[in-house]
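The sequence and the structure come first, and the description follows.

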Amino acid sequence: MLTATTNDIAGHRIVRHIGVVRGITVRSRNVVSDAIGGLQSMMGGRVGAYVKLAEAGRQEAFEQLVEHAQAAGANAILALRYEFNEIMPGVTEVLAYGTAVVVEEG
């Protein structure tokens, strides 16, 4: 699956527009990550425990996005974007979305 944050992919042309596709996940922190994250945040700088949680959410939403696009018959996703919303303290929704298309080289 080709993916891009742009509206086209160099060297490819769009032969069919399928439409909007998305992948979504809801993730929560846990006691261990909160404890580690709390300690790291007191020291300042990068909070690795929370970076890992955020990356896991993005990856899960991305994988669902690709599955949705493949099921619709796409071989590429254009204008890929992520959105994050805090549903409640410690619970975050991660949404990945874009435009599913069929592209050909040329």
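How many bridges join E2 to E4, and do these strands run parallel or antiparallel? There are 15 bridges between E2 and E4, and the two strands run antiparallel. The model is a predicted one, in which local features need pLDDT of at least 70, side-chain atom pairs count only at pLDDT 80 or more, and totals for chains, interfaces and linings use all residues. Residues are numbered from 1 along each chain as its sequence is written, and side-chain values use heavy atoms, with hydrogens and water left out.

**Confidence and layout**

The mean pLDDT (the predictor's confidence in each residue, from 0 to 100) is 86 over the chain, and 80% of the residues score at least 70. Confidence is highest in E1, at 98, and lowest in helix H1 (residues 31-43), at a mean of 51. Where pLDDT is low, the predicted coordinates should not be read in detail.

The chain has two helices and four strands. Helices (H or I, at least four residues) and strands (E, at least two) are DSSP runs, numbered from the N terminus. Read from the N terminus, the elements follow the order β-β-α-α-β-β.

**The sheet**

Four strands form an open sheet in the order E1-E3-E4-E2, with mixed pairing. Strand E1 (2-3) and strand E2 (12-28) are at the edges with a single partner strand each, so one side of each has no neighbour in the sheet. Two strands count as paired if DSSP finds at least two bridges between them.

Strand E3 (residues 76-88) and strand E4 (residues 91-105) run antiparallel and are joined by ten bridges. Some bridge partners in E4 are listed here.

| Residue | Bridge partner in E4 |
|---|---|
| Arg16 | Val102 |
| Tyr82 | Ala96 |
| Glu86 | Thr92 |

The hairpin of E3 and E4 has two residues between the strands, and Gly90 takes a positive phi near 85° there. Met88 belongs to strand E3. With a relative accessible area of 48%, Met88 is partly exposed; buried means under 20%, exposed over 50%, and partly exposed in between (1.4 Å probe, protein chains only). Met88 and Ser28 are 60 residues apart along the chain, and their C-alpha atoms are separated by 9.4 Å.

**Cores and contacts**

Of the 106 residues of the chain, 30% count as buried. A nonpolar core is a set of buried Ala, Val, Leu, Ile, Met, Phe, Trp, Tyr and Cys residues joined through side-chain atoms within 4.5 Å. The largest such core has eleven residues, including Val21, Leu65, Ile77, Leu80, Val94 and Ala100. Helix H2 (48-71), E3 and E4 are the elements that give two or more residues to this core. H2 gives the most to this core, with four residues. Another core, of six residues, lies apart from it, and among its members are Ala76, Leu78, Val101 and Val103.

Which residues does Ala100 touch, not counting residues up to four places away in sequence? They are His17, Ile18, Gly19, Val21, Ala69, Ala74 and Ala76. For the chain, 71% of the contacts (heavy atoms within 4.5 Å) between residues at least 6 apart in sequence join residues at least 24 apart.
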